Amino acid sequence: MRTLKIPSIARAGAAMLLLAIGGCATMDREECLTVDWRTVGFEDGAAGYSGDRIGQHRKACAKHGVIPDLTAYQAGRAEGLREYCVPANGFRLGSQGGGYSGICPSDLDPAFADAYHSGRQLYTLESRLSNVSYQLDSRRGDLRAAESEIVKRSAVAISSDATVEERAQAVVDVKHLGERVGQLKSEIRQLEEERVHCERDLQDYRATLQIP
């Protein structure tokens, strides 16, 4: 497996990742009335926003009677995308589980996409390890609870204070709990083995990356 080298970013604006669009308006009245649409386009491009971001601005400014200058916006966004579409941002986007919709210019897309997929693979391996570790912790908690319950129900089974029916039910419960303990121990062994594999796969993959 080849080594991926991710270059550092020269400008802070290019380090911004694709942001989720919230429910709030993207611009207020004053901004709509005084905005430089080329600058807005550049900032959106440098932040990695998709082309439909202009629709959010159009909706925000419509109530103030302002129509975005689409030509200026698109020109600025094209410039901003050249700041955003560097391999380091592609890798970060992928490693954080973000989606890439192919917004980068054709001459920058191959390197960006390659870095994105490398980051996405890292994200996948980390998520897999995290999921297995979570399941393992959960099963161990279930095992402790079952073993504790066996102790309690065993005490009832031999208690002179319990009725015959209560002791009989306790014996049945202990039997079922014992089966559950056996099942949990088997699952824990499997998960422990799987976690070892996940840790090895993640370590091996990280060894192929050179990240600034």
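Residues are numbered from 1 along each chain as its sequence is written. In this predicted model, local features need pLDDT of at least 70, and side-chain atom pairs count only at pLDDT 80 or more.

**Exercise 1.** Work out how helix H5 (residues 87–95) and helix H6 (residues 109–157) are oriented to each other.

*Solution.* 
Step 1: Helices are DSSP runs (H or I, at least four residues), numbered from the N terminus.
Step 2: H5 and H6 pack at an angle of about 30°, with axes 6 Å apart. Axes are lines fitted to C-alpha atoms over the stretch in contact, and angles run from 0 to 180 degrees between N-to-C directions.
Step 3: H5 and H6 are therefore roughly parallel to each other, a term for angles under 35 degrees.
Step 4: Look for contacts (heavy atoms within 4.5 Å). Residues including Phe91 and Leu93 in H5 meet residues of H6, among them Phe112 and Leu122.

**Exercise 2.** Now classify the pair H2 (residues 37–46) and H3 (residues 53–62).

*Solution.* 
Step 1: The axes of H2 and H3 come within 11 Å and cross at roughly 135°.
Step 2: Trp37, Val40 and Asp44 of H2 make the contact with Arg53, Ile54, His57 and Cys61 of H3.
Step 3: Sorted by class, these residues are four nonpolar, one polar and two charged. Nonpolar means Ala, Val, Leu, Ile, Met, Phe, Trp, Tyr, Cys and Pro; charged means Asp, Glu, Lys and Arg; the others, Gly among them, are polar.

Key. Heavy atoms only, no water. Helix = DSSP H or I, 4+ residues; strand = E, 2+ residues; numbered from the N terminus. Parallel < 35°, antiparallel > 145°, perpendicular 65-115°, else oblique.
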